[in-house]
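Me: I am new to this structure and would like to learn how to read it feature by feature. Could you show me the model and then take my questions in turn?

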Amino acid sequence: MCTASCSKFIGISLYVLAAVSVICNIMLFFPDFDTEYASDHQDGKQRLTEEVTYMGGVVGGGIMVLIPAIHIHLTSSKGCCNNRCGMFLSIGFAAAGVAGAVYSLSVAALGLANGPTCLWKKEDQLLMQWGTPFANSNGSYLGDKDMWKWCIRPENVVEFNVALFSTLLVAASVELVLCLIQMVNGLFGCICGTCSGKEVRRY
């Protein structure tokens, strides 16, 4: 496969993954698909999971991957970037994408490990309180669905967070792999060319 064709595949894939990351992160601001908790959080009440406010999906897996994706995709099109210089620059852009993917991956992993913020109560407790009941469980709550019942509000918040943070985790992992591949692809494109018509020598 020519380096330009590889760049096209990687660029388009990163567009999709960046969009998925942004959508998941935005959805996490509205547990139970309700704006009430986001509004209360703005008023100073701890109602949203802390890792959601780190914006890993928007900043890391979204913007920091989308910008490199645009340049990487351009290296596969006829134009100013479809040459050795463009492929060389794509290495730097892909490195920025790696940083964004790592940030998104770290935030998603932390969000899964600590669990959601919710109004919760154990069976042996009398009073309900807002907090992060699984913060010290080292992620063990993920395999114990009986613990999920501790969270009362927002409804089904544990399933909601696990699904979206898991999606962010997978998306960031794939973004990381693709950006690393592009760094290697960019190096080959810089050395060997992009297989475009302009760079094929005719004898």
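Me: What percentage of the residues in the protein are buried?

Reply: This is a predicted model, and in it buried residues make up 45% of the 203 residues. Burial is judged by relative accessible area, and a residue counts as buried when that value is under 20%. As for the surface, the protein exposes about 10,600 Å², of which carbon and sulfur atoms supply 65%.

Me: Which pattern does the protein follow along the sequence?

Reply: Read along the sequence, the pattern is α-α-α-α-β-β-β-α, and the secondary structure comes to five helices and three strands. The radius of gyration is 21 Å, well over the 17 Å that the globule rule gives for 203 residues, so the protein is more spread out than a compact globule. Along its principal axes, the C-alpha trace spans about 85 × 30 × 20 Å. Among contacts with a separation of 6 or more, 74% are made by residues 24 or more positions apart.

Me: Which residues form a nonpolar patch on the surface?

Reply: The patch is formed by Tyr54, Val59, Met64, Tyr103 and Leu110, which together have about 380 Å² of accessible area. The elements that give two or more residues to this patch are helix H3 (56-74) and helix H4 (84-114).

Me: Why is tyrosine 103 called partly exposed?

Reply: The term covers residues between buried, under 20% relative accessible area, and exposed, over 50%. Tyrosine 103, which lies in helix H4, has a relative accessible area of 34%, and is therefore partly exposed.

Terms used: Residues numbered from 1 in each chain as written. Predicted model: local features only at pLDDT ≥ 70, side-chain atom pairs only at ≥ 80, totals over all residues. Heavy atoms only, no water. Patch = residues over 30% accessible without salt bridge, like charges linked within 9 Å, V, L, I, M, F, W, Y side chains within 5 Å. Areas by Shrake-Rupley, 256 points an atom, 1.4 Å probe, with all protein chains shown as cover. Salt bridge = Lys/Arg side-chain N within 4 Å of Asp/Glu carboxyl O. Helix = DSSP H or I, 4+ residues; strand = E, 2+ residues; numbered from the N terminus. Buried < 20%, exposed > 50% of the residue type's maximum accessible area, 1.4 Å probe, protein only. Rg over C-alpha atoms; globule rule 2.2 N^0.38 Å. Contact = heavy atoms within 4.5 Å.
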